[in-house]
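Work through the exercises below with the sequence and the 3D view at hand. Each task is followed by a solution in steps.

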Amino acid sequence: MIDYNSLLNPVARDIKPSGIRKFFGIAATRKDCISLGVGEPDFSTPTIFSQAGIKSICLGKTHYTANAGLFELRDTISKYTKQFIGVDYSPEDEILITVGASEGLDAAFRAICAPDDEILIPEPCFVCYSPLVSLCGAVPVPIECRIENEFKLTPEQLEEKITPKTKGILLAYPNNPTGAVMEEEDLKKLVPIIEKNNLIVFSDEIYGELVYNGLKFTSIASIGNMRERTIVVSGFSKYFAMTGWRLGYVCAPREIIDVIHKIHQYSVMCASTVAQYTALEALNTSFKNGFKEVHEMMEVYDTRRKYILKRLQDIGLDCFEPRGAFYVFPSVKSTGMDGEEFAYALLDAKNVAVVPGGAFGESGKDFIRISYAYSLDVIEKAFDLIEEFVKELKK
């Protein structure tokens, strides 16, 4: 019998499965379960965008594009980044189209990380960052962000974690799972520390458009000279409701994009041609109509966000007010349970699924993540059951 353990890459073999997928694998087996867990827009891709993809198929545009992606799309992304984050990237050699933001992050980590390098990762955070760093042979170093600081990374926390092995830092704001936003003044405080220690910044901006309360998104790449040491990763999944199209992009100085390009070239060749034509239409249409579709979706998200915050307050679960993305991250400590105990008990008692906060790092263990990428009807039904559950716990 083959000893597969001796043949497998030990780093890959020993990576823990996604805490999100593990929990929802269980929830999926339950009939009529109400889920508030998936981080995916419930909106379909706007028809005008999808029709461009369909048209590209009918016209026979089904061959490989350049490894870096359609030049027209890169050129339009260049215009978009200049307008949205105030940073100018050359479409010729500073923008790369990827298979979702996930591939962009993976390739960016592989381009920068050497064995034993340390990458700082503020937590709670999305589940993929640490495993991707580990697969490079580098070391993910968590930084525990706290609710009393609105889950923002402070300069003191950053400085405390830096060692001679620190190569870079991952910044993911607006944040999944907390909904926290690092504003311009918050980011400016980090810049001198980043520059002094010659760090690379991996800036995951996939939720950049989704900010509320009149906030304006700021990319750290737009501050001072940070463009030269920042890798911006984003995509079309969240604010264009294009998750299944799997299309993202990376923007960075040419010297960095050159290396990411080689990794991309050998691993995936190029992103889906059909998805690229769809994304091109999404941007071109949005430029013409003032991002009408995006803003309409955001208004719906904001209505749901406000509703959930009010329900949580009425139920008695403490919750930081999220100012971005489409998640709330309430504490369940007052129930006497941690996030995992609460999520499993809620699923068992009321057939409602939320994500245990510990899936996003140790600092999230007393919390649960609730997505509001669901219809208000579904959210209302789920919260009626959550309210019942919490009242029963207090008896």
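Predicted model: local features only at pLDDT ≥ 70, side-chain atom pairs only at ≥ 80, totals over all residues.

**Exercise 1. A serine in a helix**

Task: Is Ser56 buried or exposed, and which residues does Ser56 contact beyond its neighbours within four places in sequence?

Solution. First find the residue: Ser56 belongs to helix α4, which covers residues 47-58. Next take its relative accessibility, which is 2%, so Ser56 counts as buried. Last, set aside the neighbours within four places in sequence; the contacts of Ser56 are then Lys61, Val274 and Tyr277.

**Exercise 2. Two cis peptide bonds**

Task: Describe the peptide bond from Glu123 to Pro124 and the one from Tyr173 to Pro174, and place each proline in the chain.

Solution. Between Glu123 and Pro124 omega is near 5°, and the bond is cis. Pro124 is in the loop that runs between β3 (118-123) and α7 (129-135). Between Tyr173 and Pro174 omega is near -5°, and this bond is cis as well. Pro174 is in the loop between β5 (166-171) and α9 (184-196).

**Exercise 3. A helix pair**

Task: At what angle do the axes of α13 and α14 cross, and which kinds of residue make the contact?

Solution. Helix α13 spans residues 339-350 and helix α14 residues 376-394; their axes come within 10 Å and cross at roughly 110°. Angles of 65 to 115 degrees count as roughly perpendicular, and α13 and α14 are therefore roughly perpendicular to each other. On the α13 side the contact is made by Phe342, Ala345, Leu346, Ala349 and Lys350, while α14 contributes residues including Leu385, Ile386 and Phe389. Sorted by kind, the contact residues are 9 nonpolar, no polar and 3 charged.

**Exercise 4. The nonpolar core**

Task: Which residues touch the most other members of the largest nonpolar core, and what surrounds Phe236?

Solution. The largest nonpolar core has 134 residues; those touching the most other members are Leu73, Phe109, Leu153, Ile231, Phe236 and Phe240. Helix α12 (residues 292-315) supplies the largest share of this core, 8 residues. Now take Phe236 and leave out residues up to four places away in sequence: among its contacts are Leu73, Ile77, Ile206, Met242 and Tyr249.

**Exercise 5. The whole chain**

Task: How many helices and strands does the protein chain have, and what does its radius of gyration say about how compact the chain is?

Solution. The count is 14 helices and 12 strands. The radius of gyration is 21 Å, close to the 21 Å from the globule rule for 395 residues, so the chain is as compact as a globular protein of that length. Along the principal axes, the C-alpha atoms fill a box of roughly 65 × 60 × 50 Å. Buried residues make up 56% of the 395 residues. Of the contacts with a separation of 6 or more, 76% link residues 24 or more positions apart.

Key. Residues numbered from 1 in each chain as written. Heavy atoms only, no water. Helix = DSSP H or I, 4+ residues; strand = E, 2+ residues; numbered from the N terminus. Buried < 20%, exposed > 50% of the residue type's maximum accessible area, 1.4 Å probe, protein only. Contact = heavy atoms within 4.5 Å. Axes fitted to C-alpha atoms, helices over the stretch in contact; angles between N-to-C directions. Parallel < 35°, antiparallel > 145°, perpendicular 65-115°, else oblique. Nonpolar A, V, L, I, M, F, W, Y, C, P; charged D, E, K, R; others polar. Core = buried A, V, L, I, M, F, W, Y, C linked by side-chain atoms within 4.5 Å. Rg over C-alpha atoms; globule rule 2.2 N^0.38 Å.
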